Amino acid sequence: MHRPRATFRLDALASGHPTGILDAAEQAERRGMDRLMVSETAYDPFLQLARAADRTSTIELATGVAVAFARTPMTLAYQAWGLHAASGGRAVIGLGSQVKPHIEKRFGMPWDRPAARMREYVHAVRAIWHSWQTGERLRFRGDFYAHTLMTPVFSPDPVPTGVPRILLAGVGPLMTRTAGAVADGFLSHPFTSVAYLTGQVLPGLTEARARAEADGAAWTARPFEIAGSVLTATGRTEEELRANLAGVRERLAFYASTPAYRPVLAQHGWEDLQEELHRLSVRGRWQEMAELIDDEVFDTFAVAGPVEDVAREIHRRYAGLVTRLSVSLPDGADPALGLDVLDAVRALD
């Protein structure tokens, strides 16, 4: 895998709330962002991005991320293909596994061997798309999924620009390697330090991608993306900055309390912090959790300050490590601040 170039592609993040998605999409395209990314929380990102497709013409439209295991590969394939066709080939499909309680208790879907399941999931989606794009018979059988029936009435028209790219999100080593092995790119979690990225994530990605390239996997003809998302507290006034600092500190406490993110803290020897935050989260003591995020932890995982200052720090930390960049703001922050930061990053290139 080639070392990423220093210049970033810039991705705008949007919440996907129905009342704001159109404005977010129009602003991102008008300000020259390369991609609009919508996560799956309270609203379906495919639906909101399809709406955005009608109000934009050039910006790529990405799920960042959609919950893969909440859907079968066939369901995901149809949603993604519909967005791709509606946007004139601008869809990029970011997928994540979520965690076991949400998959089993919220979505009522099976959970086992998530990395192996995700690997097969991506292969299944690509097999379905290949059938639609070429008209060849669908013949996919794996350990988790089987898709062997596709009649003409249920097969969408081919898309002239080709099939969408698939990006995978991950934190742990198994899912990270899965992304390198089968995906077109990797979506780094906002709760990722530079040390964890360079020490744990990139080596696994590089090795797995190299194997896929050596095997001649068809998707490796496209460059591999590494997308970084940086937790950022900024503001145009001191009051706005203080509020966003508090918001990022609360977000860090939430992430750090999650057992799935323990390896990231372990990279820095902060396992005790994770255990304490988890105990407090079980009791709902959120204010106390935020108070445990000291300046050292904050500065390891986030950047803060005026727009130009945070842009310089983001550029310093991530140039040469990632190919794409987005800014993750705390809840309630003005989304335009993220675009301001990305504009300032672009000016540094």
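# A chat about a predicted protein chain

Author: The secondary structure of this protein chain comes to 14 helices and 11 strands, where helices (H or I, at least four residues) and strands (E, at least two) are DSSP runs, numbered from the N terminus. This is a predicted model, in which local features need pLDDT of at least 70, side-chain atom pairs count only at pLDDT 80 or more, and totals for chains, interfaces and linings use all residues. Residues are numbered from 1 along each chain as its sequence is written, and side-chain values use heavy atoms, with hydrogens and water left out.

Reader: What radius of gyration does the protein chain have, and what would a compact globule have?

Author: The protein chain has 20 Å, which agrees with the value near 20 Å for a compact globule of 349 residues. The radius is taken over C-alpha atoms, and the globule rule is 2.2 Å times the number of residues to the power 0.38. Along the principal axes, the C-alpha atoms fill a box of roughly 60 × 40 × 40 Å.

Reader: And what share of the residues is buried?

Author: Buried residues make up 51% of the 349 in the chain; buried means under 20% relative accessible area, exposed over 50%, and partly exposed in between, with a 1.4 Å probe and protein chains only.

Reader: Which share of the contacts joins residues at least 24 apart?

Author: Among contacts between residues at least 6 apart in sequence, 73% join residues at least 24 apart, a contact being heavy atoms within 4.5 Å.

Reader: Which residues of α3 are buried?

Author: In α3, the buried residues are P73, M74, L76, A77, A80, W81, L83 and H84. As background, an α-helix has 3.6 residues a turn, so residues three or four places apart point the same way.

Reader: What do those buried residues pack against?

Author: The buried residues of α3 pack against the helices α2 (45-53) and α5 (114-134), and also against β3 (60-67), β4 (91-96) and β6 (146-147).

Reader: Is Q79, in that helix, buried or partly exposed?

Author: Q79, which is found in α3, counts as partly exposed because its relative accessibility is 23%. Leaving aside neighbours within four places in sequence, Q79 is in contact with D44, F46 and R71.

Reader: What about A70, where is that?

Author: A70 is found in the loop between β3 and α3, and it touches I103, F107 and M109, not counting residues up to four places away in sequence. A70 and G305 are 235 residues apart in sequence, and their C-alpha atoms are 38 Å apart in space.

Reader: New topic: which residues does a cis peptide bond join?

Author: A cis peptide bond joins G64 and V65, with omega of about 5°, and V65 has its place in strand β3. For context, most residues other than glycine have a negative phi, and most peptide bonds are trans.

Reader: So which phi does Q98 have, positive or negative?

Author: Q98 has a positive phi, near 60°, in a residue other than glycine. Q98 lies in the loop between β4 and α4 (100-106), and at 33% relative accessibility it counts as partly exposed. R113 also has a positive phi, of about 45°, although it is not a glycine, and R113 lies in the loop between α4 and α5. Just after α3, G88 takes a positive phi of about 70°.

Reader: Where is T178, and what does it touch?

Author: T178 has its place in helix α6 (residues 173-182), and it counts as buried because its relative accessibility is 3%. Not counting residues up to four places away in sequence, T178 touches A115, M118, R119, L168 and A183.

Reader: Last one: where is Q267 found?

Author: Q267 is found in the loop between α9 (262-266) and α10 (271-282), and at 29% relative accessibility Q267 counts as partly exposed. Q267 touches A195, Y196 and Q200, not counting residues up to four places away in sequence. Q267 and W129 are 138 residues apart in sequence and 39 Å apart in space, C-alpha to C-alpha.
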